[in-house]
Amino acid sequence: GQISYYKQSAERYLKFLIEYPDTTGIPLTTARSPRQIEKDERFWTVTALKRLFDDPSRDDLLVTLLTEAFGAVPPITGLNSWVDCLEGDLKLYFEACLPSPSIYVNWLRKNLPSRQMVPYVIDAAKRDNARTLEGATHVDAIFLNPTNGFAWLIEAKVLSDISYSTSFDNYRNQIARNLDVMLANNSQPGFGLEVRNPDRSLFALLTPGGFKTQSSSRLYGWLINDYQTNPSALQRDLPHRPNTDWVGLSKRIGWLTFEDLERIRPG
């Protein structure tokens, strides 16, 4: 089912190019749907990262990217080099499903009036005591080493911005949500993700280079810069985690661009 999405989109694109060998001046209304592949985050993410993952020099390429995003020494305990992080049976997951941390859901239930102002939403939250107030987070990509629990979570954007709220929490931004699921591991046994070590997990945003240069044009630009330089901002946006090493967490946040990937692995 997931593969058919990519096949159908590619087929629409090929059909369009056959019909319009000269694409100059084609109206947006005609081109937008068949050329969706050109700005499709799922395509950009899968093709770029899978090309890296399948490269014979994969580990060397990943060491370069990790060094650029997080520094020469991994900002996690127990693994002293990027080679140590990657050595083992490395896996790559797309659209990985990570359940919402129970510590957050329980906190939100107690603090709902301060996080939500719409009466019908507050009413809906009371419908069932067993109701989880936040669904699972689907992380765009995760490099995971089952040998030592190391993981690199990636949230990819092309033109879109991050979401700035969830159904029940008006102040829950998407990066904070990714970091929150990174700091816990509620994954069910049997799918492979349960071996991820939260203390050995990193997060990076992956975007076109222009949005890193023009970082104020997107909400994620403000937030990433704030989280990396001002650890108290993390405490502000993850208030249910009172005993967290915010300085350490800020060092586990990176920002790479698709141009970075293209530079070290053309094509």
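**View 1. Cysteines Cys-85 and Cys-97 in the predicted model**. Cys-85 is buried, at a relative accessible area of 0%. Cys-97 is partly exposed, at 38%. Buried means under 20% relative accessible area, exposed over 50%, and partly exposed in between (1.4 Å probe, protein chains only). The whole structure holds 0 disulfides, a disulfide being a pair of cysteine sulfur atoms within 2.5 Å. This is a predicted model in which local features need pLDDT of at least 70 and side-chain atom pairs count only at pLDDT 80 or more, while totals for chains, interfaces and linings use all residues. Residues are numbered from 1 along each chain as its sequence is written, and side-chain values use heavy atoms, with hydrogens and water left out.

**View 2. The salt bridge between Arg-115 and Asp-169**. The closest N and O atoms are 3.0 Å apart. A salt bridge here is a side-chain nitrogen of Lys or Arg within 4 Å of a carboxyl oxygen of Asp or Glu. The pair links distant parts of the chain, 54 residues apart: Arg-115 sits in helix H6 (residues 102–115), and Asp-169 in the loop between strand E3 (150–156) and helix H8 (174–182). Helices (H or I, at least four residues) and strands (E, at least two) are DSSP runs, numbered from the N terminus. Both Arg-115 and Asp-169 are buried. A search of the whole structure finds 15 salt bridges.

**View 3. Glu-134 and Arg-177 in a salt bridge**. The N to O distance is 3.5 Å. Glu-134 lies in the loop between helix H7 (119–125) and strand E2 (137–145), Arg-177 in helix H8, 43 residues apart. Glu-134 is buried, at 5% relative accessible area. Arg-177 also counts as buried, at 18%. Shared partners join Glu-134, Arg-172, Arg-177, Asp-180 and Arg-241 into one network of salt bridges.

**View 4. The open sheet of 5 strands**. The order is E1-E2-E3-E4-E5, with mixed pairing. Two strands pair if DSSP finds at least two bridges between them. Strand E1 (91–98) and strand E5 (253–257) are the edges, each pairing on one side only. Neighbouring strands are turned by 30° against each other on average, direction ignored. Strand E4 (residues 201–207) and E5 pair in the parallel sense over 5 bridges. Ala-204 has Gly-254 in E5 as its bridge partner.

**View 5. Helices H8 and H10 on the sheet**. H8 lies across E1, E2, E3, E4 and E5, at about 155° to E4. Helix H10 (residues 219–229) packs on the sheet and touches E4 and E5, its direction making about 135° with that of E5. Contact means heavy atoms within 4.5 Å. Axes are lines fitted to C-alpha atoms, for helices over the stretch in contact, and angles run from 0 to 180 degrees between N-to-C directions.
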